[in-house]
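Subject: Structure handover and notes

Hello,

Here is the structure for your files. My notes on it follow below.

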Amino acid sequence: METSGRPGADDMRRLFLGPPPVYTRRQVAEAAGIPQELAARIWRALGFATFADDAVAFTDADLEALHRIRDLLDAEMLDERSVIRMARALGRNTARLAQWQAEIMVDALIEPGARPGEERLRQVMDTVSRLLPDFERTLVHVWRSQLAATASRLVSLAEPGEPGGEASPTRPRLAVGFADLVAFTRVSRELDELALADLVEGFESRASDVIAAHDGRLVKTLGDEVLFTASGPRTAALIALDLLDELKRDAEGPDVRVGLAYGPVLPAMGDVFGTTVNLAARLTAIARPGTILADSEMAAALTGASGVDLVKLRRRPARGLGVVEPYVLRRSSRES
(Lines give C-alpha, C1' and ligand atoms only; values in the text may rest on other atoms or scores of the structure.)
Protein backbone atom coordinates (compact mmCIF):
# COMPACT_ATOMS: atom_id res chain seq x y z
CA MET A 1 0.00 0.00 0.00
CA GLU A 2 1.47 3.33 -1.06
CA THR A 3 1.13 6.50 1.00
CA SER A 4 3.05 9.77 1.08
CA GLY A 5 4.56 10.76 4.42
CA ARG A 6 3.76 9.12 7.72
CA PRO A 7 0.67 6.85 7.46
CA GLY A 8 -2.27 8.26 9.39
CA ALA A 9 -5.87 7.57 10.32
CA ASP A 10 -7.16 8.32 6.80
CA ASP A 11 -4.72 5.81 5.32
CA MET A 12 -5.92 3.16 7.77
CA ARG A 13 -9.53 3.96 6.95
CA ARG A 14 -8.88 3.53 3.22
CA LEU A 15 -7.12 0.25 3.92
CA PHE A 16 -10.24 -1.19 5.52
CA LEU A 17 -13.04 0.62 3.68
CA GLY A 18 -11.68 1.41 0.23
CA PRO A 19 -12.79 4.55 -1.64
CA PRO A 20 -13.53 7.68 0.43
CA PRO A 21 -17.07 8.75 1.43
CA VAL A 22 -19.20 10.44 -1.24
CA TYR A 23 -22.65 10.89 0.41
CA THR A 24 -24.13 12.93 3.22
CA ARG A 25 -26.56 11.15 5.51
CA ARG A 26 -29.50 12.72 3.67
CA GLN A 27 -28.15 11.66 0.27
CA VAL A 28 -27.42 8.06 1.28
CA ALA A 29 -30.90 7.61 2.80
CA GLU A 30 -32.64 9.08 -0.25
CA ALA A 31 -30.55 6.99 -2.65
CA ALA A 32 -31.42 3.81 -0.70
CA GLY A 33 -35.11 4.70 -0.53
CA ILE A 34 -35.14 4.57 3.27
CA PRO A 35 -36.61 7.29 5.51
CA GLN A 36 -33.87 9.44 7.01
CA GLU A 37 -35.13 8.83 10.54
CA LEU A 38 -34.88 5.06 10.06
CA ALA A 39 -31.44 5.33 8.49
CA ALA A 40 -30.28 7.39 11.48
CA ARG A 41 -31.66 4.77 13.89
CA ILE A 42 -29.83 2.03 12.00
CA TRP A 43 -26.49 3.85 12.17
CA ARG A 44 -26.94 4.53 15.89
CA ALA A 45 -27.86 0.90 16.51
CA LEU A 46 -24.70 -0.13 14.68
CA GLY A 47 -22.77 2.05 17.11
CA PHE A 48 -21.70 4.85 14.76
CA ALA A 49 -21.68 8.54 15.52
CA THR A 50 -24.34 10.92 14.19
CA PHE A 51 -22.87 13.21 11.53
CA ALA A 52 -23.90 16.74 10.64
CA ASP A 53 -26.34 17.07 7.75
CA ASP A 54 -23.67 18.43 5.40
CA ALA A 55 -20.88 15.98 6.40
CA VAL A 56 -19.80 13.68 3.57
CA ALA A 57 -19.41 10.51 5.61
CA PHE A 58 -21.02 7.58 3.73
CA THR A 59 -19.61 5.33 1.02
CA ASP A 60 -21.03 3.26 -1.80
CA ALA A 61 -20.69 0.24 0.53
CA ASP A 62 -22.92 2.01 3.06
CA LEU A 63 -25.46 2.65 0.32
CA GLU A 64 -25.38 -1.02 -0.70
CA ALA A 65 -25.98 -2.09 2.90
CA LEU A 66 -29.01 0.21 3.16
CA HIS A 67 -30.33 -1.17 -0.13
CA ARG A 68 -30.22 -4.68 1.36
CA ILE A 69 -32.12 -3.52 4.43
CA ARG A 70 -34.74 -1.81 2.29
CA ASP A 71 -35.19 -5.04 0.27
CA LEU A 72 -35.73 -7.02 3.50
CA LEU A 73 -38.34 -4.50 4.64
CA ASP A 74 -40.08 -4.41 1.26
CA ALA A 75 -40.25 -8.21 1.19
CA GLU A 76 -41.64 -8.14 4.75
CA MET A 77 -38.96 -10.62 5.82
CA LEU A 78 -38.13 -8.35 8.76
CA ASP A 79 -39.97 -5.41 10.29
CA GLU A 80 -38.30 -2.19 11.45
CA ARG A 81 -38.07 -3.34 15.07
CA SER A 82 -36.27 -6.53 14.04
CA VAL A 83 -33.91 -4.59 11.77
CA ILE A 84 -32.92 -2.27 14.62
CA ARG A 85 -32.45 -5.18 17.03
CA MET A 86 -30.33 -7.04 14.48
CA ALA A 87 -28.27 -3.90 13.81
CA ARG A 88 -27.66 -3.41 17.52
CA ALA A 89 -26.57 -7.04 17.93
CA LEU A 90 -24.21 -6.70 14.97
CA GLY A 91 -22.79 -3.34 16.01
CA ARG A 92 -22.25 -4.14 19.66
CA ASN A 93 -20.48 -7.45 19.08
CA THR A 94 -18.39 -6.48 16.07
CA ALA A 95 -17.20 -3.36 17.93
CA ARG A 96 -15.87 -5.56 20.73
CA LEU A 97 -14.40 -8.01 18.22
CA ALA A 98 -12.67 -5.21 16.29
CA GLN A 99 -11.26 -3.67 19.48
CA TRP A 100 -9.99 -7.05 20.67
CA GLN A 101 -8.42 -7.97 17.34
CA ALA A 102 -6.79 -4.54 17.00
CA GLU A 103 -5.25 -4.93 20.46
CA ILE A 104 -3.87 -8.35 19.51
CA MET A 105 -2.37 -6.98 16.30
CA VAL A 106 -0.83 -3.97 18.05
CA ASP A 107 0.65 -6.26 20.69
CA ALA A 108 2.06 -8.56 18.01
CA LEU A 109 3.41 -5.92 15.63
CA ILE A 110 4.43 -2.95 17.79
CA GLU A 111 6.86 -3.03 20.68
CA PRO A 112 5.05 -2.28 23.99
CA GLY A 113 5.39 1.36 25.05
CA ALA A 114 7.12 2.36 21.83
CA ARG A 115 5.92 5.01 19.38
CA PRO A 116 6.27 3.41 15.95
CA GLY A 117 8.16 5.33 13.29
CA GLU A 118 7.06 5.87 9.71
CA GLU A 119 8.77 2.74 8.39
CA ARG A 120 7.31 0.54 11.13
CA LEU A 121 3.82 1.92 10.52
CA ARG A 122 4.14 1.09 6.84
CA GLN A 123 5.17 -2.45 7.72
CA VAL A 124 2.17 -2.78 10.03
CA MET A 125 -0.22 -1.55 7.35
CA ASP A 126 1.31 -3.89 4.79
CA THR A 127 0.90 -6.85 7.16
CA VAL A 128 -2.70 -5.92 7.94
CA SER A 129 -3.45 -5.52 4.23
CA ARG A 130 -2.20 -9.04 3.54
CA LEU A 131 -4.03 -10.58 6.51
CA LEU A 132 -7.38 -8.83 5.98
CA PRO A 133 -8.84 -11.15 3.28
CA ASP A 134 -8.10 -14.25 5.34
CA PHE A 135 -9.50 -12.63 8.48
CA GLU A 136 -12.69 -11.73 6.61
CA ARG A 137 -13.22 -15.23 5.19
CA THR A 138 -12.51 -16.83 8.56
CA LEU A 139 -14.94 -14.47 10.28
CA VAL A 140 -17.78 -15.44 7.94
CA HIS A 141 -16.99 -19.16 8.31
CA VAL A 142 -16.93 -19.00 12.14
CA TRP A 143 -20.12 -16.91 12.19
CA ARG A 144 -21.94 -19.45 10.02
CA SER A 145 -20.67 -22.31 12.20
CA GLN A 146 -21.84 -20.54 15.35
CA LEU A 147 -25.26 -19.89 13.76
CA ALA A 148 -25.52 -23.57 12.86
CA ALA A 149 -24.70 -24.63 16.42
CA THR A 150 -27.16 -22.15 17.92
CA ALA A 151 -29.95 -23.05 15.50
CA SER A 152 -29.43 -26.75 16.22
CA ARG A 153 -29.78 -26.16 19.95
CA LEU A 154 -32.95 -24.12 19.46
CA VAL A 155 -34.52 -26.70 17.14
CA SER A 156 -33.75 -29.51 19.60
CA LEU A 157 -35.79 -27.68 22.25
CA ALA A 158 -38.86 -27.83 20.01
CA GLU A 159 -38.56 -31.57 19.35
CA PRO A 160 -41.03 -33.89 21.15
CA GLY A 161 -39.80 -36.22 23.82
CA GLU A 162 -37.16 -33.89 25.21
CA PRO A 163 -36.78 -33.67 29.00
CA GLY A 164 -38.48 -30.66 30.55
CA GLY A 165 -41.67 -30.63 28.50
CA GLU A 166 -42.36 -26.96 29.17
CA ALA A 167 -39.14 -25.89 27.43
CA SER A 168 -39.27 -23.92 24.20
CA PRO A 169 -36.78 -21.96 22.05
CA THR A 170 -37.96 -18.76 23.77
CA ARG A 171 -37.94 -20.22 27.29
CA PRO A 172 -35.48 -23.14 27.35
CA ARG A 173 -34.48 -25.18 30.40
CA LEU A 174 -30.73 -24.89 30.71
CA ALA A 175 -27.99 -25.53 33.21
CA VAL A 176 -26.41 -22.19 34.14
CA GLY A 177 -23.02 -21.73 35.73
CA PHE A 178 -21.00 -18.86 37.15
CA ALA A 179 -17.26 -19.27 37.73
CA ASP A 180 -15.71 -16.57 39.88
CA LEU A 181 -12.12 -15.66 40.73
CA VAL A 182 -11.85 -15.53 44.52
CA ALA A 183 -10.62 -12.29 46.18
CA PHE A 184 -10.16 -10.63 42.78
CA THR A 185 -10.37 -7.09 44.21
CA ARG A 186 -7.55 -7.78 46.66
CA VAL A 187 -5.43 -9.55 44.06
CA SER A 188 -5.94 -6.73 41.54
CA ARG A 189 -4.44 -4.24 44.01
CA GLU A 190 -1.31 -6.36 44.34
CA LEU A 191 -0.61 -6.67 40.60
CA ASP A 192 0.60 -4.13 38.09
CA GLU A 193 -1.53 -3.48 35.01
CA LEU A 194 0.25 -5.98 32.74
CA ALA A 195 0.14 -8.76 35.33
CA LEU A 196 -3.54 -8.08 35.99
CA ALA A 197 -4.30 -8.20 32.26
CA ASP A 198 -2.45 -11.52 32.01
CA LEU A 199 -4.43 -12.92 34.94
CA VAL A 200 -7.79 -11.93 33.45
CA GLU A 201 -6.91 -13.10 29.94
CA GLY A 202 -5.55 -16.38 31.28
CA PHE A 203 -8.71 -16.98 33.31
CA GLU A 204 -11.02 -16.17 30.42
CA SER A 205 -9.06 -18.17 27.84
CA ARG A 206 -8.81 -21.29 30.02
CA ALA A 207 -12.48 -21.06 30.94
CA SER A 208 -13.44 -20.59 27.29
CA ASP A 209 -11.47 -23.67 26.26
CA VAL A 210 -13.05 -25.88 28.94
CA ILE A 211 -16.59 -24.71 28.15
CA ALA A 212 -16.13 -25.18 24.40
CA ALA A 213 -14.61 -28.65 24.88
CA HIS A 214 -17.88 -29.81 26.49
CA ASP A 215 -20.09 -28.09 23.89
CA GLY A 216 -21.26 -25.53 26.42
CA ARG A 217 -21.83 -21.88 25.63
CA LEU A 218 -19.78 -19.03 27.08
CA VAL A 219 -22.43 -16.35 27.49
CA LYS A 220 -20.22 -13.53 28.74
CA THR A 221 -17.13 -12.65 30.72
CA LEU A 222 -16.98 -10.01 33.44
CA GLY A 223 -13.25 -9.82 34.10
CA ASP A 224 -13.22 -11.93 37.27
CA GLU A 225 -16.28 -14.00 36.34
CA VAL A 226 -17.61 -16.07 33.46
CA LEU A 227 -21.22 -17.04 32.81
CA PHE A 228 -21.88 -20.22 30.83
CA THR A 229 -24.81 -22.45 29.92
CA ALA A 230 -25.11 -26.10 28.97
CA SER A 231 -27.98 -28.10 27.55
CA GLY A 232 -27.99 -30.54 30.46
CA PRO A 233 -26.95 -30.74 34.12
CA ARG A 234 -24.25 -33.39 33.69
CA THR A 235 -22.52 -31.35 30.99
CA ALA A 236 -22.55 -28.28 33.25
CA ALA A 237 -21.21 -30.37 36.15
CA LEU A 238 -18.30 -31.67 34.06
CA ILE A 239 -17.53 -28.12 32.88
CA ALA A 240 -17.44 -26.90 36.48
CA LEU A 241 -15.23 -29.77 37.64
CA ASP A 242 -12.81 -29.30 34.74
CA LEU A 243 -12.71 -25.55 35.35
CA LEU A 244 -11.51 -26.11 38.90
CA ASP A 245 -8.89 -28.61 37.73
CA GLU A 246 -7.70 -26.46 34.81
CA LEU A 247 -7.36 -23.27 36.80
CA LYS A 248 -5.43 -25.01 39.59
CA ARG A 249 -3.04 -26.95 37.37
CA ASP A 250 -0.21 -25.26 39.24
CA ALA A 251 0.01 -24.20 42.87
CA GLU A 252 0.05 -20.53 41.88
CA GLY A 253 -3.19 -20.77 39.91
CA PRO A 254 -6.12 -18.61 41.03
CA ASP A 255 -8.76 -19.88 43.45
CA VAL A 256 -12.12 -20.29 41.75
CA ARG A 257 -15.63 -21.04 42.96
CA VAL A 258 -18.61 -22.09 40.87
CA GLY A 259 -22.39 -21.91 41.25
CA LEU A 260 -24.71 -24.10 39.16
CA ALA A 261 -28.49 -24.00 38.74
CA TYR A 262 -30.91 -25.76 36.41
CA GLY A 263 -34.22 -24.45 35.15
CA PRO A 264 -35.96 -22.13 32.68
CA VAL A 265 -34.08 -19.10 31.39
CA LEU A 266 -34.99 -16.14 29.22
CA PRO A 267 -32.57 -15.61 26.30
CA ALA A 268 -32.28 -11.95 25.27
CA MET A 269 -29.59 -9.87 23.52
CA GLY A 270 -27.21 -12.83 23.49
CA ASP A 271 -27.47 -13.05 27.28
CA VAL A 272 -29.64 -15.13 29.62
CA PHE A 273 -31.90 -13.85 32.39
CA GLY A 274 -34.26 -15.13 35.03
CA THR A 275 -34.42 -16.78 38.43
CA THR A 276 -32.21 -19.69 37.36
CA VAL A 277 -29.42 -17.28 36.39
CA ASN A 278 -29.82 -15.30 39.62
CA LEU A 279 -29.71 -18.50 41.67
CA ALA A 280 -26.47 -19.63 40.05
CA ALA A 281 -24.96 -16.22 40.86
CA ARG A 282 -26.09 -16.39 44.51
CA LEU A 283 -24.66 -19.89 44.90
CA THR A 284 -21.34 -18.65 43.56
CA ALA A 285 -21.30 -15.87 46.14
CA ILE A 286 -21.73 -18.30 49.05
CA ALA A 287 -19.44 -21.05 47.72
CA ARG A 288 -16.08 -21.57 49.40
CA PRO A 289 -12.90 -21.17 47.32
CA GLY A 290 -12.26 -24.24 45.20
CA THR A 291 -15.79 -25.60 45.54
CA ILE A 292 -18.88 -26.00 43.36
CA LEU A 293 -22.37 -25.42 44.72
CA ALA A 294 -25.45 -26.69 42.89
CA ASP A 295 -29.12 -25.97 43.49
CA SER A 296 -31.68 -28.67 44.32
CA GLU A 297 -32.95 -28.90 40.71
CA MET A 298 -29.43 -29.53 39.48
CA ALA A 299 -28.81 -32.05 42.25
CA ALA A 300 -32.02 -33.93 41.49
CA ALA A 301 -31.14 -34.13 37.80
CA LEU A 302 -27.64 -35.43 38.65
CA THR A 303 -28.83 -38.18 40.99
CA GLY A 304 -27.20 -41.39 39.81
CA ALA A 305 -25.08 -39.62 37.17
CA SER A 306 -21.64 -41.12 36.66
CA GLY A 307 -18.55 -39.15 37.58
CA VAL A 308 -20.11 -36.84 40.17
CA ASP A 309 -20.93 -36.92 43.87
CA LEU A 310 -23.28 -34.55 45.72
CA VAL A 311 -23.23 -33.59 49.41
CA LYS A 312 -26.29 -31.84 50.79
CA LEU A 313 -25.65 -28.74 52.90
CA ARG A 314 -27.91 -26.97 55.38
CA ARG A 315 -30.50 -24.63 53.98
CA ARG A 316 -29.52 -20.98 53.95
CA PRO A 317 -30.88 -17.63 52.77
CA ALA A 318 -29.94 -16.25 49.35
CA ARG A 319 -30.44 -12.53 48.78
CA GLY A 320 -33.61 -11.90 46.79
CA LEU A 321 -34.44 -15.60 46.43
CA GLY A 322 -35.46 -16.71 49.91
CA VAL A 323 -34.05 -19.90 51.41
CA VAL A 324 -32.10 -22.26 49.14
CA GLU A 325 -30.84 -25.80 49.60
CA PRO A 326 -27.32 -26.03 48.18
CA TYR A 327 -25.32 -29.14 47.35
CA VAL A 328 -21.55 -29.43 47.09
CA LEU A 329 -20.66 -31.07 43.79
CA ARG A 330 -17.45 -33.10 43.60
CA ARG A 331 -15.78 -35.45 41.16
CA SER A 332 -16.62 -39.00 42.02
CA SER A 333 -13.83 -41.38 42.99
CA ARG A 334 -15.97 -44.32 41.91
CA GLU A 335 -15.65 -45.85 38.48
CA SER A 336 -18.53 -44.95 36.17
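Are helix 3 and helix 5 roughly parallel or roughly perpendicular to each other? Please keep in mind that this is a predicted model.

Two packed helices are described by the angle between their axes and the distance between the axes. The axes of helix 3 (residues 36–46) and helix 5 (residues 80–109) cross at roughly 30° and come within 7 Å. Angles under 35 degrees count as roughly parallel, so helix 3 and helix 5 are roughly parallel to each other. On the helix 3 side, the contact is made by Leu38, Arg41, Ile42, Ala45 and Leu46. Helix 5 contributes Glu80, Val83, Ile84, Ala87, Arg88, Leu90 and Gly91. Sorted by class, the residues in this contact are eight nonpolar, three charged and one polar.

Next, helix 9. Helix 9 covers residues 233–247, and at 1.5 Å a residue its 15 residues should span 21 Å. The C-alpha atoms at its ends are 21 Å apart, which agrees. Buried residues in helix 9 are Pro233, Ala236, Ala237, Leu238, Ile239, Ala240, Leu241, Leu243, Leu244 and Leu247.

Last, a loop position. Pro289 sits in the loop between helix 10 (275–286) and strand 7 (292–294). With a relative accessible area of 48%, Pro289 is partly exposed. Leaving aside residues up to four places away in sequence, Pro289 touches Val182, Asp255, Val256 and Arg257. Arg257 is 32 residues from Pro289 along the chain, and their C-alpha atoms are separated by 5.1 Å.

Regards

Technical notes:
Residues numbered from 1 in each chain as written. Predicted model: local features only at pLDDT ≥ 70, side-chain atom pairs only at ≥ 80, totals over all residues. Heavy atoms only, no water. Helix = DSSP H or I, 4+ residues; strand = E, 2+ residues; numbered from the N terminus. Buried < 20%, exposed > 50% of the residue type's maximum accessible area, 1.4 Å probe, protein only. Contact = heavy atoms within 4.5 Å. Axes fitted to C-alpha atoms, helices over the stretch in contact; angles between N-to-C directions. Parallel < 35°, antiparallel > 145°, perpendicular 65-115°, else oblique. Nonpolar A, V, L, I, M, F, W, Y, C, P; charged D, E, K, R; others polar. Expected span 1.5 Å × (residues − 1).
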